[in-house]
Amino acid sequence: MPNIKVQPSGNVYEYEVGKTLLEVLLEEGIFVDNPCNGKGLCGKCKVRILEGELSEPEDTERKLLKQEEMENGVRLSCLVKPETDLEIELMQKERKHQVLTGGYIPSFAFDQDIQKIVVEIQKPTLEDQTSFEDQILRQIPKVSLELGCLQMREFVPGQVTVVLHGNQVIQIEEGNTTEKMYGVAVDIGTTTVVCTLIDMLTGKELAHASMINAQKHFGLDVLTRITYELEHPEDGVEKLQKALVNSINEMIEDICCQSEVSKEWIYEIAVGANCTMMHMLLGVPATSLGRSPYAPVFVRGKDIRAKEIGLCAAEGARLYCLPSVSAYIGADIVAGAYVCQLQKESGNVLFIDIGTNGEIVLSSHGRLLCCSCAAGPALEGMNISSGMRAAEGAIEDVTITESGIEWKVIGNEKPIGICGSGILAVVKELLRVGLVRKEGAFIKLNKLEESDYRFHMLQENGKKREFILSEEQKLLITQGDIRQVQLAKGAILSGFLALLKKAGIQMEDLDKVMIAGQFGAHLPADSLVGTGIIPKEVQEKLVYVGNSSKTGAYMALMSAKVKREMEELAGQMDYMELGATENYERLFSECLIFPNVK
């Protein structure tokens, strides 16, 4: 079989002819950014061919690559099928990302499912042959003890610690181990995953770890990953599950190392995630979530052995997965609604989790209405010509002045791209200075005098106009980029307004608008309002609550009562399908118009 030598590592891999270069690299675990799941749409999976022959690029590839790039051997790995020995150079590297781990936590009473009780085991005699099992059950009545717990231990007299999950014995440990009891709270987002180690005796958060969701190799968003399952029926579900489980295990190792805690003392893992990620974590096919009528296989909370899916913790550790509402209102949103206590609000409160999907919950005097809108990956830096995730080198804020363009870069490095908060900021600025009209089009260059400070910020590329964000780094904002933000804005705002209409309330009736999620936490109010994602009338009512999904997982970990109340809350949330709403298409079209902010 032919070989591929990959630089800069110098590693050599054999490959089967017939697969795309992207498929070969991903199978070897090599990082290649591919937001569109290898469909030839995003133009991100670039590699440089150093040696070897490939077929000439076809029209699709030529449209996505610049002439200069092709002259320098750059190709899109998803659109080439190698047949001979190759030497390639990777053009991307994984950078340190900004991942939100904290957030608002309401007060609540600790009431863990996990308990430890010390019992005394007597040495059996000919006169008293009471079994090991019966000695435990006599000292801790009304509990169940499964065979697996007995298989863990020899019959040794002395003190043993019985680990309970509710009224079920999950582990028996030699000696008194009551001072060691830990759990892990996990938030699985489409883009990022966060793990936090918790001392379950005190509720203290000991360490955090985070990473970009390892399923990025199979597509940027839930739909491309569901498509991967459909296209790989033999092993797609297994590979997507393995990617998540392996990354969580890696983060558990990390947080245990940070805190000098053995993973053998971790007895429960609680997970908040969107509905698709929860299916994929548990190895349940998610294909039904990608086609009408979008019915999930399950939405109820799940309580299973952690080792059933390969999570590494104590032998008897439990995994609790928070409940969802529907295919696109997942456990992360139930967690957020619970953390914000929306069911107890006496007024009108809007909760928005902004990401690839925009999930919105309206609490109107305790009644909960919710919807989900496809914001798309633009607000996370994807599907943008110079877009990237919120990593070192990403422009995260932009200001246009008469003296030029100012930006703020993550890590204070030279800019190499622009992330979600940056693209929103630049669109807000383009609207403010009048370079983009309210319908989303760049103004024509002939409308500007050459003496106008804005004149040299625009250029024409054929018939297309572009904003020059950085001439040195060749970073541009295209008309297509503006359109991507416009579509996201229209989706979120239309969901916002549709819920208000359904509840029969006006904008001025809102008491509070709560912004949650990884992306939302990095968005200043002026960007949200300046682009029209959030109406100006509620600018002074915005409250940022951080990573409420992880907070909800933490609360469930620390309280059996919270678990029950979250499950009840999920049943009280009334889901509204926007596509089935009367006149929704007209509302969406109206919401595409940018506000007049000049």
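## Two crossing helices

Axes are lines fitted to C-alpha atoms, for helices over the stretch in contact, and angles run from 0 to 180 degrees between N-to-C directions. Helices (H or I, at least four residues) and strands (E, at least two) are DSSP runs, numbered from the N terminus. This is a predicted model: local features need pLDDT of at least 70, side-chain atom pairs count only at pLDDT 80 or more, and totals for chains, interfaces and linings use all residues. Residues are numbered from 1 along each chain as its sequence is written, and side-chain values use heavy atoms, without hydrogens and water.

Take helix H9 (residues 331-339) and helix H13 (residues 548-558). Their axes come within 7 Å and cross at roughly 75 degrees. H9 and H13 are therefore roughly perpendicular (65 to 115 degrees). Contact means heavy atoms within 4.5 Å. H9 contributes Asp 332, Ala 335, Gly 336, Tyr 338 and Val 339; H13 contributes Ser 548, Ser 549, Thr 551, Gly 552 and Met 555.

## An open sheet

Six strands form an open, mixed sheet in the order S26-S25-S16-S17-S18-S27. Strands pair if DSSP finds at least two bridges between them. S16 (residues 348-354) and S17 (residues 358-364) run antiparallel, joined by 7 bridges.

Methods: Parallel < 35°, antiparallel > 145°, perpendicular 65-115°, else oblique.
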